[in-house]
Amino acid sequence: MRGIIYTRVSSDEQVKGTSLEFQEELCRKYCEQKSIEVLAIFKEEGASAKTADRAEFLRAIEFCRKNKGKLDAFVVAKVDRFARNTEDHFYVRKILLDYGVTLHSVTEPIGNNPAEKFVETVLAGSSEFDNAIRKQRCTDGMIKRINQGIYPWKPPVGYKCANFKKRGEKKSEPDPPDDTIFPLIQRALKEYPKRRCTQVELARLLDEWGLKEIRGRKTTPQFVDRMLGKHLKFYAGLLENPWTGEETEGQHIEMITQEEMHMIQLVRAGRINSAKHDRYNPNFPLRRTVICVSCNRPLTGSAPRGNGGKYFYYHCHNKECSLFGKSIPKETLENKFLEYLEKITPKEKFLNVFKATVLDLWQEKGKRFESEAAKYEKRLEMLQAKRKRIFEMREDGSYDKEEFQERKEEVENEIAAVKISLSESRIEQFDIEGSLTYATNFISNLGRQWFDLPPQLRPRFQQLIFPEGIPYDRVKGFGTAKLGLIFNLNRQFLRRKFVKKSQVVDPAGLEPAISRMQTGCSAAELRALVHL
Amino acid sequence: MASENKFINMLSIEQTKKLLKDPNISDKEIEEIRDGFRMLAEIIFEKWQQEKQTKRVQKLYPQKEALCKKELSL
């Protein structure tokens with residue numbers, strides 16, 4: 001008879017009774033007694049028999065396949081060395097039988113007659129049962145630790161592991177914080193909901209704060225993902241039982257509060273906008289307003305780098321459009337837009353409504369100025385009293401000359417600032433006529449105003465004038481756009497331009513737009529009309 | 001009429017009608033005109049406030065402003 005020996009230990013620290021050498025010795029003696037010629041010995045170190053996914057075991061099976069008909073015995077010291085799973089046991093045993101190989105156990109009476117088969121079945125089941133019991137004991141131990149508030153595994157980055165990998169010494173105390181990494185992770189977790197940055201940005205920030213130097217490797221977005229996901233509860237001082245999903249208060253020092261944890265979870269779940277998405281790029285104010293003449297989709301902007309810096313362009317981003325890839329320089333498009341806007345004014349017949357709206361709005365906002373003014377007055381009174389006290393303290397000797405000078409200057413600066421704010425709010429409160437003039441001047445030259453508008457106000461302004469956008473052709477320029485109901489294209493302006501060019505005196509009725517805008521009711525008349 | 005309460009202190013349809021003096025404009029158009037002007041007035045107000053704010057900062061911190069300008073020119 002010919003055969004092979006297979007030995008296995010589940011860890012390199014296995015007790016003497018089942019060590020590889022001891023198993024081999026037993027198997028060799030058995031082979032001698034049964035006159036089995038040993039062709040090969042397969043030794044498996046540190047592998048579990050829960051599954052058949054073991055490198056040496058697979059090599060042993062392969063050896064049997066290659067030597068089909070030449071091999072008779074597969075010798076193991078005990079059935080549980082072969083498999084600890086009943087299904088695997090009988091599956092592999094059948095394969096071996098197909099190759100003409102019988103399983104032999106040194107210490108157990110197994111074989112192919114009915115009694116031996118029965119014993120083998122019981123032994124295979126017993127191995128699986130033994131394994132299941134051990135697993136259960138291990139799980140119970142871990143659950144017990146969790147219930148005590150101790151994390152039974154290696155803690156996440158930011159904590160040092162108490163008794164990690166020390167054989168025989170189970171964790172009996174919580175994981176202490178890692179003094180160098182703990183504050184960095186804590187800062188990142190606290191900043192995340194405030195900054196609403198992406199995981200890539202947070203990884204970059206962590207490296208900027210020094211995490212890369214401490215850990216000796218670059219922080220990846222995947223690391224941040226684990227930090228904000230899998231390990232978040234631990235950082236908030238909670239331990240989760242993975243088998244039941246129950247949460248327990250951990251004994252370790254938490255990095256963040258549970259409120260902060262919930263905030264992070266909300267941001268990540270998308271219930272609160274995570275990254276601040278700037279829909280309107282200040283570099284491309286006409287993005288989304290100007291539309292492609294070919295495919296009717298809004299133009300977008302990009303700034304490729306070239307010789308000497310960035311170059312800003314608008315272009316159509318629809319790959320199927322005939323104008324895809326044909327860019328328009330930012331300056332060209334914006335100058336033409338400015339020219340176009342100069343031809344637009346609100347309809348003159350609506351001027352009174354506009355003025356009344358301005359009055360209403362200013363009055364409404366004026367109420368806020370009133371309350372602000374009251375606040376400033378109160379603050380001013382308080383500061384005046386403080387100033388008086390400083391003088392008194394100088395007189396009774398509480399302050400020396402230098403201290404007095406310093407305190408006096410400090411309070412006088414504050415008084416000056418509050419006085420300015422107070423006078424501003426009073427002017428804003430009562431300057432109704434001034435605000436009307438300001439608003440009328442605004443609408444008399446929309447082009448100029450668009451140019452001067454702060455970037456965040458431009459999109460609203462454009463949306464109001466061109467609710468459906470304005471088409472642009474590279475050759476013909478701006479096409480006909482649907483204007484908001486209150487605006488019209490001031491053809492008069494064009495005619496005036498033409499008249500000026502031809503050096504002819506303006507005919508009556510073609511006076512500049514501004515003077516026409518300033519006609520209509522006065523503020524008092526408007527108020528009377530509205531409140532009739 | 002619910003949309004009339006969108007803004008506090010807003011002109012009513014009746015008041016807007018009086019100001020327009022045009023019987024041919026429908027109520028829906030009147031509402032659109034009023035809302036359009038309200039939006040425009042708000043943009044103007046915000047711009048006006050920002051200008052005021054800039055002036056206030058210049059008044060309070062003239063040295064800082066001068067420094068900024070100097071840095072920009074450099």
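In chain A, 3 strands form an open sheet in the order 8-11-12, with antiparallel pairing; strands here are DSSP runs of E of at least two residues, and helices are runs of H or I of at least four residues, both numbered from the N terminus, and two strands count as paired if DSSP finds at least two bridges between them. The edge strands of this sheet are strand 8 (300–302) and strand 12 (328–329) of chain A, each of which pairs on one side only. This is a predicted model, in which local features need pLDDT of at least 70 and side-chain atom pairs count only at pLDDT 80 or more, while totals for chains, interfaces and linings use all residues. Residues are numbered from 1 along each chain as its sequence is written, chains are lettered from A in the order in which they are written, and side-chain values use heavy atoms, with hydrogens and water left out.

**Strand pairing in chain A**

- Strand 8 of chain A is joined to strand 11 (residues 313–315) of chain A by 3 bridges, the two running antiparallel, and A:G301 has A:Y314 in strand 11 as its bridge partner.
- A further open sheet of 3 strands in chain A has the order 7-14-15 and mixed pairing, with strand 7 (290–292) and strand 15 (477–478) of chain A as its edge strands.
- Strand 14 (residues 470–473) of chain A pairs with strand 15 of chain A in the antiparallel sense over 2 bridges, and the partner of A:D473 in strand 15 is A:G477.

**Extent of the interface**

- Contact (heavy atoms within 4.5 Å) involves 44 residues from chain A and 34 residues from chain B.
- Chain A and chain B bury about 4,000 Å² between them, 69% of it on carbon and sulfur atoms, where buried area is the accessible area (1.4 Å probe) that two parts lose on being put together, summed over both.
- On the chain A side, A:V353, A:Y438 and A:L485 lose the most area to chain B, together 14% of what that side buries.

- The interface holds 1 salt bridge, defined as a side-chain nitrogen of Lys or Arg within 4 Å of a carboxyl oxygen of Asp or Glu.
- A:R460 forms a salt bridge with B:E46, and their closest N and O atoms are 3.1 Å apart.
- Elements giving two or more residues to the side of chain A that touches chain B include helix 14 (401–430) and helix 17 (458–465) of chain A, and helix 13 of chain A gives the most, with 14 residues.
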